Amino acid sequence: MLKNVTKIAALAVTMIILALLFAGCGSGDSKSAVADIKKKGKIVVGTASGYYPFEMADKQGALVGYDIDVAKAIAKELGVEVEFQNYAFAGLVPAIQANKIDIVIAGMTINDKRKEVVDFTDPYFVSGQALLINKQYRNIKTWQDLDKPGNVIAVSMGTTADQTASSMFKQATVKKFEGSALAGLELINGKAAAVVHETPWVAIYHRLHADTTYPILEPFTTENLGIAVTKGKPELVDWLNKFLKQYKESEEYKKSYQYWFVDMPWWDSVPQKK
């Protein structure tokens, strides 16, 4: 009897070891996010069109912008096609959590709250929050001047501007809109005193509406923009970090930065916002 029990126990241990070995092999394959992307032949990138000059549609409807260049360079390095899926900004994190997209490149700031639900690469762009003021409010020079009862501040829902304004402004009223365009519209219609947004957006939106707005471009925060990745894919994050380090030292990166943020020849190729 004892001998039979020993044999059964040994057989059970062997089966458990084999099961763990096979499970380990399968797990290794499923965790290889980079290999999975190469296997399917494309990387699916989530973005939020309308954030000039990071991502926007040109007059032919094609997505263009600094972030779009970064995504295309990633796809080129991987040797795959790139597929863009456009969401409202607030819908990007749910989309990546649902595995509808592989990565998010959408001017997304790296912060602790987002890091609870997604992983981030190293920063690919350094930005900060600035102010665009309606000219009816002529005495505002700092964010503290703006934080007064009766002042309305418009922000795009779910963005870092939303989180920053909701946290810092204690006296003014923060109104949240579905996208930067609607927040800007509230400003130029005189229903908001200011919009809080990253510096590039403020500079460009002021250029579009110089008759009704003035900018305060000195950022009152410093923020790093990163590429968001589904949690549990460290191999993909490592690969992206190595790519970004190489890309930011390349001529391709310098040309892209110069094109979108300095020379801005794209200005006439995109619809002018109202």
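Which residue of β10 is the bridge partner of Val155? In this predicted model, the partner turns out to be Lys176. As a reminder, strands of a sheet pair through backbone hydrogen bonds, in either a parallel or an antiparallel sense.

Five strands make up an open sheet, and reading across it gives the order β10-β9-β11-β8-β12, with mixed pairing. The edges are formed by β10 (173–177) and β12 (213–216), each of which pairs on one side only. On average, neighbouring strands of the sheet are turned by 30° against each other, direction ignored.

Elsewhere, two helices can be followed side by side. Helix α3 (residues 66–78) packs with helix α11 (residues 251–263) at an angle of about 160°, and their axes are 10 Å apart. Because angles over 145 degrees count as roughly antiparallel, α3 is described as roughly antiparallel to α11. The crossing of α3 past α11 is right-handed. On the α3 side, the contact involves Tyr66, Asp69 and Ala73, while α11 contributes Glu252, Tyr253, Ser256, Tyr257, Trp260 and Phe261. Sorted by class, the residues in this contact are six nonpolar, one polar and two charged.

Methods. Residues are numbered from 1 along each chain as its sequence is written. This is a predicted model: local features need pLDDT of at least 70, side-chain atom pairs count only at pLDDT 80 or more; totals for chains, interfaces and linings use all residues. Side-chain values use heavy atoms; hydrogens and water are left out. Two strands pair if DSSP finds at least two bridges between them. Helices (H or I, at least four residues) and strands (E, at least two) are DSSP runs, numbered from the N terminus. Axes are lines fitted to C-alpha atoms, for helices over the stretch in contact, and angles run from 0 to 180 degrees between N-to-C directions. Angles under 35 degrees count as roughly parallel, over 145 as roughly antiparallel, 65 to 115 as roughly perpendicular and the rest as oblique. A crossing is left-handed if the near helix is turned anticlockwise from the far one by less than a right angle, and right-handed if clockwise. Contact means heavy atoms within 4.5 Å. Ala, Val, Leu, Ile, Met, Phe, Trp, Tyr, Cys and Pro count as nonpolar, Asp, Glu, Lys and Arg as charged, and the others, Gly among them, as polar.
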